[in-house]
Amino acid sequence: DQALIRAYVLSNIATAYRQIGELNQAQIALEEGLAVIQSWAAPSHTYWEVSARLRNPQGQSQWHQGQTQAALETWQQAEAHYRKAASAPSSANSSTIGTAEEPAQLGLILSQVNQAIAYQELGFNAQAVGRLHQLSEQIVTLPVGIQLTVAKKLGKALRQVGELQSAQSVLSKALVLTGVVPESSLSGSTLRSDIELELGHTLRALSHRAIAIGQSNAANDYAQQAIDHYTAAEQTTDTHHSNRLVPIQAQLNRLSYLIEIGELESAIALSSQINLSALPLSRSTVEAYISYAHSLN
């Protein structure tokens with residue numbers, strides 16, 4: 001099992017490299033982990049669990065390279081392997097490798113959320129929406145921490161397939177649940193900011209839709225709510241670099257939206273408060289600089 005544990009560690013290394021924008025290093029770690037799995041002769045509970053953990057980032061890698069069909073098939077494998085891990089007997093000396101980062105239950109659901117996004121990208125919108133609605137009904141049975149993580153992903157996926165009211169419902173319920181997480185909890189603070197940010201995006205999209213169908217009053221209401229959620233996402237006391245991106249993303253989105261709706265005085269005041277220098281080097285940081293420059297322009 002030592003080789004499988006190494007493959008598990010490599011999956012974490014690949015995820016860490018991807019988060020800081022080192023995509024080549026992430027791919028190398030991922031391929032090393034997959035090589036261990038592919039050469040393993042006797043599938044077991046631990047094998048299926050580690051294999052499933054590797055498939056989710058493998059699918060993400062394929063997705064970012066534009067290989068949507070391959071990513072879908074990989075995430076389908078991830079789901080199948082999580083289910084096999086759940087049904088396979090585990091021996092007394094077998095290690096259960098699911099952790100707080102991605103317990104098997106969370107990994108299984110995220111693989112299904114990812115599949116829905118791939119279905120939508122491939123033009124199978126009905127399958128995507130159907131699967132997402134099924135998941136929104138299932139997550140209420142999960143532990144609160146996992147519910148919040150899944151709700152964030154699920155709300156974003158629903159927004160991307162145009163199910164804006166459903167996205168708002170899932171995210172609003174999740175926001176209420178964040179009250180169960182202690183204020184002192186780092187993960188709780190981060191999840192709350194993430195959900196506030198995604199609610200801002202969803203309400204912004206609802207405002208755009210209301211404008212398109214001539215409902216100006218509703219559009220204004222949604223716009224104000226979007227700004228309120230962006231503002232709430234900024235209000236975090238966390239000073240860890242790994243978590244500074246979300247409040248700054250919220251500021252940048254609020255800035256671009258204030259410009260979009262013509263609130264230029266407020267936008268000018270906000271622009272002078274934004275400080276990108278605390279962000280670590282990553283692709284997301286580069287995107288933040290580009291967004292800021294675009295708004296200033």
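**Legends to the close-up views**

**Figure 1. Overall view of the predicted model and its surface.** The protein has an accessible surface of about 14,800 Å², and carbon and sulfur atoms account for 52% of this area. The model shown is predicted. Its secondary structure consists of 13 helices and zero strands, so that the pattern read along the sequence is α-α-α-α-α-α-α-α-α-α-α-α-α. Of the 297 residues in the protein, 48% are buried. Among contacts between residues at least 6 apart in sequence, 65% join residues that are at least 24 apart.

**Figure 2. Packing of helix α7 against helix α8.** Two packed helices are described by the angle between their axes and the distance between the axes. Helix α7 spans residues 144–160 and helix α8 spans residues 164–177. Their axes lie 8 Å apart, and the helices pack at an angle of about 160°. Angles over 145 degrees count as roughly antiparallel, and α7 and α8 are therefore roughly antiparallel to each other. The crossing in which α7 passes α8 is left-handed. On the α7 side, the contact is made by V144, Q147, L148, A151, K152, L154, G155, L158 and R159. The residues contributed by α8 are L164, S166, A167, V170, L171, A174 and L177. Classified by type, the contact of α7 with α8 comprises eleven nonpolar, three polar and two charged residues.

**Figure 3. Packing of helix α3 against helix α4.** This view shows helix α3, residues 45–64, together with helix α4, residues 68–87. The two axes come within 8 Å and cross at roughly 160°. With this angle, α3 and α4 are therefore roughly antiparallel to each other. A left-handed crossing describes the way α3 passes α4. The residues of the contact of α3 with α4 divide into nine nonpolar, eleven polar and four charged.

Figure 4. Q112 is located in helix α5, which covers residues 104–121. A residue is buried when its relative accessible area is under 20%. The relative accessibility of Q112 is 7%, and Q112 therefore counts as buried. When residues up to four places away in sequence are not counted, Q112 touches E79, R83, R131 and L135.

Technical notes: Residues are numbered from 1 along each chain as its sequence is written. This is a predicted model: local features need pLDDT of at least 70, side-chain atom pairs count only at pLDDT 80 or more; totals for chains, interfaces and linings use all residues. Side-chain values use heavy atoms; hydrogens and water are left out. Axes are lines fitted to C-alpha atoms, for helices over the stretch in contact, and angles run from 0 to 180 degrees between N-to-C directions. Helices (H or I, at least four residues) and strands (E, at least two) are DSSP runs, numbered from the N terminus. Angles under 35 degrees count as roughly parallel, over 145 as roughly antiparallel, 65 to 115 as roughly perpendicular and the rest as oblique. A crossing is left-handed if the near helix is turned anticlockwise from the far one by less than a right angle, and right-handed if clockwise. Contact means heavy atoms within 4.5 Å. Ala, Val, Leu, Ile, Met, Phe, Trp, Tyr, Cys and Pro count as nonpolar, Asp, Glu, Lys and Arg as charged, and the others, Gly among them, as polar. Buried means under 20% relative accessible area, exposed over 50%, partly exposed in between (1.4 Å probe, protein chains only). Accessible areas come from the Shrake-Rupley method with a 1.4 Å probe; for residues, only the protein chains shown count as cover.
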